[in-house]
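Keep the 3D view open while you read.

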Amino acid sequence: MDTVVVVPQKRSEDADLRGSAAETRVLDALVADVRAGRGRSLVLHGESGTGKSRLLDHLEERGGGMRILRVNGVAGETELPFAAVQRLCAPLYGKLGHLPPAYRDALAVVLGLRDGPVPSPVHVGTAVAGLLARVGGAGAMMCLLDDAHLMDRASRTSLAVAARRCGGGTAFVFALPDAARFGELRRFERLTVLGLSAPEAHALLATRLHAPLDPRVRDRMVAEARGNPRALLDAARSIGPTEMAFCTPDEPRLSLSADWERALNTALHGLGASARDLLVLAAAEPFGESVTVLRAAERLGIGRDAVDEIEATGLLALTPHVRFATPLLRTAAYARAAVAQRRRIHAALAGGMPTEEDSPERRAWHRGQAAVTLNEAVATQLQDAAELTDGLAAGATTAALWELAASLTPDRQTRALRLLAGARVRHRTGSLRQALHLLADVHTAPLPALERAQAAILLAQTRYGVHRDTAAVRSLNEAARHAAVSGHRHIRDVSALDALTAQIFAGRLHPPQEAVAGAGMRRESCGPQLPETRALLLQALHTRTRHGYGPAVPLLRRAVDAHLAAGHPSQPYPDTNGNWLLCHAAVDLWDAAAWETITEWTVAAARATGATSVLPAALVHQAFADLHRGRLDVAAARVSEAEAISATIGAVSPGHAVLTLTAWRGDRDRTEALAAACRRDAEARGEGRLLSTVEYAQAVLHNALGDYPRAFELTGTAMALDEPAFRPWLLPERLEAAVRTGHVQEAEAVAERLATCARLTDTDWARGIHLRALALLADDTRADVLYRCSAERLDFAGAELQAARTRLLWGEWLRRNGRTVLARIPLRAAHETFLGAGARAFAERAAGELAAAGFLPESGVSGTRAALTAQEERIARAVAGGATTKEVATALVLSPRTIDAHLRNIFRKLGVSSRRQLRDASVLPPEELRSRVKNTGRRASSPPQRRDGSAPGHTGTA
């Protein structure tokens, strides 16, 4: 059956069913009833913004294979009779001829197909029921009617009649704020959509704010939202992750709903002057502290009558805490106040705070907002407050204090220094475009030589963070050249590291003459002023770029070990590039443990301190480390967060990470589309390293598909460049493609590079890949043991996907040498790993080899199991074995909510409605499945070890 969807349809902005478990259970039961041939009618009602539209989305997702009609009420059509009926029936014009004449004529009039007297809503509703019965036939059908309260009354009555008269296998679901107001819907079953609990609201807010927020502000937002997800998310967007935590913006970023807009306008027109002052006073106090507000009200001469007057409007409650009826009212009330009124309010708040209160930054902020002219005394207080808060996970607050201090500073040089301090904080917290705006003013101001050099470097860094193009690379090089002759070694060293990073990113597209100039500058840059790790790293990377991989390895090892020996940092290094380069140094060393540790430390410190600009790159490195361990779903979640943060702060999106994950999943069409987009982006911005990533990702895909000539062609340029941190990724792809296409000399050259990596780094990851190279090039007598030892080494390194690839190659070799039965063992292990990870192309290749070996691999749950994704198959088999949601979530490193979402899709695809039915459909005994889940969880967290604690070895030489 085809799914029919009527547009326009309202989609909920946030596809998160957090806190809706009870509602989704009811809706899932409704879908099951409809599939079983039973008719249902249901009214979803609850406050606007509680997620009714998302629940309709859920119904639509669960209704795969059904005929689905979905329309929304439109405010502008409330006076147009039968407007909603017209939109519902528009796709079904061709079926009108099957209706009895009376009903056909009635609908034809309503649909504007013929002239005639307007029929009654009851007659139209009966005709609609008949039309749907003709369309539905023996199949299931759902009519989803969102914002039913905005539909014209004739349509609402007609659709209610149709809902009552439709037969089995058809469901009508109405969604509206208050069912009690509409008599025609009172007789239907109702489901009240409740809001979020406080823990759920805090969890939702945490997913939208990427920088720390003062706990008191967060608690106030949750309380004012009153469990309404939309109100909470609107509040989060109105503050923003880079806004000052207790600063109300000058203008509201989001408009109020029409109802609240009318309520606010009515209240403002009807309130007295004192009550209006009290409304603005409550909006300007960030933490909802009623004592502070009432004390400030006393200073303004606002009495109890004004308190009663404002509370009578329902917009605001002042006791026991200050709570607005909806969070955006606070923003709107403050934005509509006159400038003079705001100044009086802030002056009263500053004077109303008790001296013993430990909030000097708040007092300074209010004094600054109350200032009328330039005032160095207040500016100094703001600077003191900014210095006090800096480093206390309040970066946006600190930046706002610096900026306000600068705006009140009469001296040009002091003003520029304060703007520079604010720009530093904005850059660290990810407010890159705001930092550029501040630095534009700094650029023209008189500054001492040291600060001028710092400002030039910060400007270049910020431009590079926003644009990451050739012009930004030139800016970094120019800043580094100026810094090299400035006499300030620390600035010179940091700028050299930035310039080197930019040149690594630019890669093959970097102008050679600029690279030479940069190299000459960097030769003098490894002075003692940098922290030891940075000095060692700069020296190592200088050696890597000028003298090659081998001489750089000992220096890279020293830099990484120095960083690890220093322990978990309390905050990330101020230069984002240093963290990025340290991760690449660990990858160049084939040291997955160090790589994961550095990224975990960086992400944790960045989250704790609000260093938002560091997060995207660190999350991408975490994602690649998860990819290394075969956790593609976890990697995808990290990349999604990195994309969201990059979009928020205005940085370049990590499209290369999305491309790489898509390639490993084996999605050919999407990989090629993303590769083309990334290639255009790389060429437009002059980022040659991205071109190498594109070629690597495409090579993974084509090796998985068995298109070895294309994989060999793709890896040629990047192999010749030998860029930092690409060896562990490119060498295995190049080797397999070279062997399969008969390029023996090239394969031997790659194997020699791998031998160098294994000898210099002595890690299981490097040795495992080298052993695989030897196996691919070996004669029949040695390949078997080499493949076995390679798989053991890679298992011990935690490189699950690479270990599976070794087993796939091993199984292919065994089968081609006539050892068919033995080939099934590594092939089955490889197939299971690829399926569990979601690497579909490799899984299909392994399945083909298994079939050629005379074994039909299990692809999941019986029946329609082929429709399930690899992750869904894994979850289905686990749940069928009796594992709980929590157990499966722990094993797969996912959240229980994500597991539940997968289960809903699994139930829909398999046509079951319970875990018991899923167990009945399973092909494996429960004991085996439950054991697999638990073993999977252990395998993902810790690689196998021998009893003596040593790594698995091999008899051959590496």
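This is a predicted model: local features need pLDDT of at least 70, side-chain atom pairs count only at pLDDT 80 or more; totals for chains, interfaces and linings use all residues.

Valine 43 stands opposite phenylalanine 174 in strand 4. Strand 1 covers residues 40-45, and strand 4 covers residues 170-176. The two run parallel and are joined by 6 bridges. One of the bridge pairs is arginine 40 with alanine 171 of strand 4.

Now look at the other neighbour. Strand 1 is also joined to strand 5 (residues 189-192), again in parallel, by 4 bridges. Here valine 43 has arginine 190 as its bridge partner in strand 5.

What order do the strands of this sheet take? The order is 2-3-4-1-5, in an open sheet of 5 strands with parallel pairing. Strand 2 (67-72) and strand 5 are the edge strands, each pairing on one side only. From one strand to the next, the twist averages 15°. If you're wondering what holds such neighbours together, strands of a sheet pair through backbone hydrogen bonds, either parallel or antiparallel.

Back to strand 1, and to its two faces. In a regular strand the side chains alternate between the two faces of the sheet. In strand 1, Arg40, Leu42 and Leu44 sit on one side, while Ser41, Val43 and His45 sit on the other, and all of them are buried. Because 6 of the 6 residues of strand 1 are buried, the strand is largely enclosed by the rest of the structure.

Which helices cover the sheet? Helix 1 is one of them: it lies across strand 1, strand 3 (141-146), strand 4 and strand 5, running at about 160° to strand 1. Helix 6 (residues 153-165) also packs on the sheet, where it touches strand 1, strand 3 and strand 4, and its direction makes about 145° with that of strand 4.

Helix 1 (residues 21-35) has a helix partner too. Its axis and that of helix 2 (residues 52-62) come within 10 Å and cross at roughly 35°, and the crossing is right-handed. On the helix 1 side, the contact residues include Glu23, Leu27, Val31 and Arg35. Helix 2 brings in Leu55, His58, Leu59 and Arg62. Sorted by class, this contact has 5 nonpolar, 2 polar and 4 charged residues.

Next stop: valine 124, in helix 5 (residues 121-136). Its relative accessibility is 0%, which is why valine 124 counts as buried. Leaving out residues up to four places away in sequence, valine 124 touches Phe82, Val85, Leu107, Val110, Pro119 and Ser158. Valine 124 is 35 residues from leucine 159 in sequence, yet the two are 8.5 Å apart in space, C-alpha to C-alpha.

Phenylalanine 82 sits in the loop between strand 2 and helix 3 (83-89). Aspartate 722 has a positive phi as well, near 50°, and is found in the loop between helix 35 (716-721) and helix 36 (727-740).

Here are some buried residues side by side:

| Residue | Relative accessibility |
|---|---|
| Valine 124 | 0% |
| Phenylalanine 82 | 5% |
| Aspartate 784 | 13% |
| Aspartate 722 | 16% |

Aspartate 784 belongs to helix 39 (residues 780-797). Not counting residues up to four places away in sequence, aspartate 784 touches Trp810, Trp813, Leu814 and Arg819.

The peptide bond from threonine 319 to proline 320 is cis, with omega near 0°. Proline 320 lies in the loop between strand 6 (316-317) and strand 7 (323-324).

What about the nonpolar cores? The largest has 134 residues, and Trp590, Trp595, Trp765 and Phe834 touch the most other members. Contacts of tryptophan 595 include Cys583, His621, Phe624, Trp729 and Trp765. A second, separate core has 38 residues, among them Leu111, Ala163, Cys166 and Leu185.

Finally, zoom out. The protein has 47 helices and 7 strands. Of its 958 residues, 56% count as buried. Among contacts with a separation of 6 or more, 70% are between residues 24 or more positions apart.

Key
Residues are numbered from 1 along each chain as its sequence is written. Side-chain values use heavy atoms; hydrogens and water are left out. Buried means under 20% relative accessible area, exposed over 50%, partly exposed in between (1.4 Å probe, protein chains only). Contact means heavy atoms within 4.5 Å. A nonpolar core is a set of buried Ala, Val, Leu, Ile, Met, Phe, Trp, Tyr and Cys residues joined through side-chain atoms within 4.5 Å. Axes are lines fitted to C-alpha atoms, for helices over the stretch in contact, and angles run from 0 to 180 degrees between N-to-C directions. A crossing is left-handed if the near helix is turned anticlockwise from the far one by less than a right angle, and right-handed if clockwise. Ala, Val, Leu, Ile, Met, Phe, Trp, Tyr, Cys and Pro count as nonpolar, Asp, Glu, Lys and Arg as charged, and the others, Gly among them, as polar. Two strands pair if DSSP finds at least two bridges between them.
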